[in-house]
Amino acid sequence: MNVLPIIAATLIALGTQARADDIEDAGPQYIAGGQYTAILEQTSGRWQLLPLDARDQEVNNECRQQVYLPKGVWLLNRDRQGNVELVATSGTALPPGHREHVKLIACEAAGAQPSALRAPSALISWLTENSGAVLVGE
């Protein structure tokens, strides 16, 4: 039996293995249009809409916010009553006690909704028709 090829293959395999200490975690990598079709920059209140027809749009949200969402991808959904909500994906790190489901309501909606994210009604309509997910940033 010729052991030379086995020894050579073993040395090559050992020489190319990456150690876990050498690998740096870059965090989640998101792809526009593939994993989300809208971006919310919370500090500026700016929404960037990324429709499939490539006519990107920017919308400035003048609504006063009372809720802050952790960074990550949030899915657009409807609750049991049919209200629009954002749902945190498993890749979105939620701080202890933060809700996984956050209502998305119109700026002009009456009443205090301290746990809801506010947006212009036209933007909410666009999101429900054209978006499945929103990338939330700072």
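The following conversation goes through a predicted model and asks what lies behind the terms used for it.

Colleague: Why is Gln-42 called buried?

Modeller: Gln-42 has a relative accessible area of 15%, and buried means under 20%, so Gln-42 counts as buried. Its place is in the loop between E1 and E2, where, leaving aside neighbours within four places in sequence, Gln-42 is in contact with Val-67, Tyr-68, Leu-69, Val-136, Gly-137 and Glu-138.

Colleague: How do you know that a disulfide joins Cys-63 to Cys-107?

Modeller: The distance from S to S is 1.2 Å in this model, and a pair of cysteine sulfur atoms within 2.5 Å is taken as a disulfide, so the pair of Cys-63 and Cys-107 meets the rule. By this rule the count comes to one disulfide.

Colleague: What makes this pair a tie between parts of the chain?

Modeller: Cys-63 lies in the loop between strand E3 (57-60) and E4, while Cys-107 lies in the loop between E6 and E7, so the pair ties together parts that are 44 residues apart in sequence.

Colleague: Why is the pair of Glu-41 and Arg-46 called a salt bridge?

Modeller: The closest N and O atoms of Glu-41 and Arg-46 are 2.5 Å apart, and the rule asks for a side-chain nitrogen of Lys or Arg within 4 Å of a carboxyl oxygen of Asp or Glu, so the pair qualifies. Arg-46 counts as buried at 17% relative accessibility, and Glu-41 counts as partly exposed at 28%.

Colleague: What does Glu-58 meet in a salt bridge?

Modeller: The side chain of Glu-58 meets that of Arg-46, at 2.9 Å from N to O. Glu-58 lies in strand E3 and Arg-46 in strand E2, so the pair ties together parts that are 12 residues apart in sequence. With a relative accessible area of 55%, Glu-58 is exposed, because exposed means over 50%.

Colleague: Which residues have the most contacts inside the largest nonpolar core?

Modeller: That core has 22 residues, and those with the most contacts inside it are Trp-47, Leu-104, Leu-117, Leu-127 and Val-134. Among the elements that give two or more residues to the core are strand E4 (72-78), helix H2 (121-130) and strand E8 (133-137), and H2 gives the most, with four residues. Val-134 touches residues including Tyr-36, Trp-47, Leu-86 and Leu-127, not counting those up to four places away in sequence.

Conventions. Residues are numbered from 1 along each chain as its sequence is written. This is a predicted model: local features need pLDDT of at least 70, side-chain atom pairs count only at pLDDT 80 or more; totals for chains, interfaces and linings use all residues. Side-chain values use heavy atoms; hydrogens and water are left out. A nonpolar core is a set of buried Ala, Val, Leu, Ile, Met, Phe, Trp, Tyr and Cys residues joined through side-chain atoms within 4.5 Å. Buried means under 20% relative accessible area, exposed over 50%, partly exposed in between (1.4 Å probe, protein chains only). Contact means heavy atoms within 4.5 Å.
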